[in-house]
Amino acid sequence: MDGECRFFTITNDGVYISFGAAKEFEVFGEVSSLWGLKPANSVQAVTPTYCIGFKLPDCAEILLNDNRFLRYLCQLISTRVITSNEALTSYVSVKAESRLANYLTQHVIKDQFTASLGTCAEAIGISYRHLIRLINSFCDRGILEKRNRKYYIIDMDRLTDLTTD
């Protein structure tokens, strides 16, 4: 793969939840394709992207009897579960400012923050009002700038530093 893709879902009440991005080779869609399940997540190309795709149902019987492939799937899914658990654990223990900084770095295109503020507040687990306070603080400190009702990242280094606080 060449380019950048984002993985996300939209909840029943219309909330966009991002699961991250891929800028290098990434396998996705294997569970729903192999077992005929409805995809739970979506993928969106953020930049011009080259992907390799093939219909897993056409070769499912062969793949499901291939021990190397099954070991690869177990490792892939286990890694996703561990990553998800680590993210949840760190989410609970991380300050809202750091969660916002992390969310901002994951939802930026050409220095512009691209997610809606309501979605952002919900995704990082704070009220809309508290989100506005934090964003204003970032603007006051020269990390963000508001132009024409949109927010732009002015100092990516400082924003990235905040993700680890």
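Student: Which residues touch the most other members of the largest nonpolar core?

Tutor: This is a predicted model, in which local features need pLDDT of at least 70 and side-chain atom pairs count only at pLDDT 80 or more, while totals for chains, interfaces and linings use all residues. Side-chain values use heavy atoms, with hydrogens and water left out, and residues are numbered from 1 along each chain as its sequence is written. A nonpolar core is a set of buried Ala, Val, Leu, Ile, Met, Phe, Trp, Tyr and Cys residues joined through side-chain atoms within 4.5 Å, where buried means under 20% relative accessible area with a 1.4 Å probe, protein chains only. Of the 23 residues in the largest such core, those touching the most other members are Leu-100, Phe-113, Leu-131 and Phe-138.

Student: Which helix gives the most residues to this core?

Tutor: Helices are DSSP runs of H or I with at least four residues, and strands are runs of E with at least two, numbered from the N terminus. At least two core residues each come from H4 (96-106), H5 (117-124), H6 (128-140), strand E7 (150-153) and H7 (156-162). The one that gives the most, with 5 residues, is H4.

Student: Which residues is Leu-100 in contact with, leaving aside its neighbours within four places in sequence?

Tutor: Contact means heavy atoms within 4.5 Å. With those neighbours left aside, the partners of Leu-100 are Cys-120, Ile-124, Leu-131, Leu-134, Ile-135 and Phe-138.

Student: How many helices and strands does the chain have?

Tutor: Read along the sequence, the pattern is β-β-α-β-α-α-α-β-β-α-α-β-β-α. The secondary structure comes to 7 helices and 7 strands.

Definitions and conventions: Buried < 20%, exposed > 50% of the residue type's maximum accessible area, 1.4 Å probe, protein only.
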